[in-house]
Amino acid sequence: MKKSQLPHKVCPVCGFSFNWRKKWASQWEQIVYCSERCRRNKRSKVLNVDG
Ligand SMILES: [Zn+2]
């Protein structure tokens, strides 16, 4: 059995662990945040669990 092991990263804003996605194939190395929302939140130091 082969298990495809996709690379994953952990979003520094929300701490969410997200996997490689096909749409990120060409820019995976540049992907840091799990979503556009988190990318915009990078400015503020997010320590709130309740986001
Ligand atoms: Zn995030």
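Helices (H or I, at least four residues) and strands (E, at least two) are DSSP runs, numbered from the N terminus. The protein chain contains one helix and two strands, arranged in the order β-β-α from the N terminus on.

This is a predicted model, in which local features need pLDDT of at least 70, side-chain atom pairs count only at pLDDT 80 or more, and totals for chains, interfaces and linings use all residues. Residues are numbered from 1 along each chain as its sequence is written.

The predictor's confidence in each residue, from 0 to 100, is called pLDDT. Its mean for the protein chain is 85, and 78% of the residues reach 70 or more.

Burial is judged by counting other C-beta atoms, placed from the backbone, within 10 Å of a residue's own: 20 or more make it buried, 12 or fewer exposed, and a count in between partly exposed. Of the 51 residues in the protein chain, 2% are buried. Val 32 lies in the loop between β2 (17–19) and α1 (36–41). Val 32 is partly exposed because 13 other C-beta atoms lie within 10 Å.
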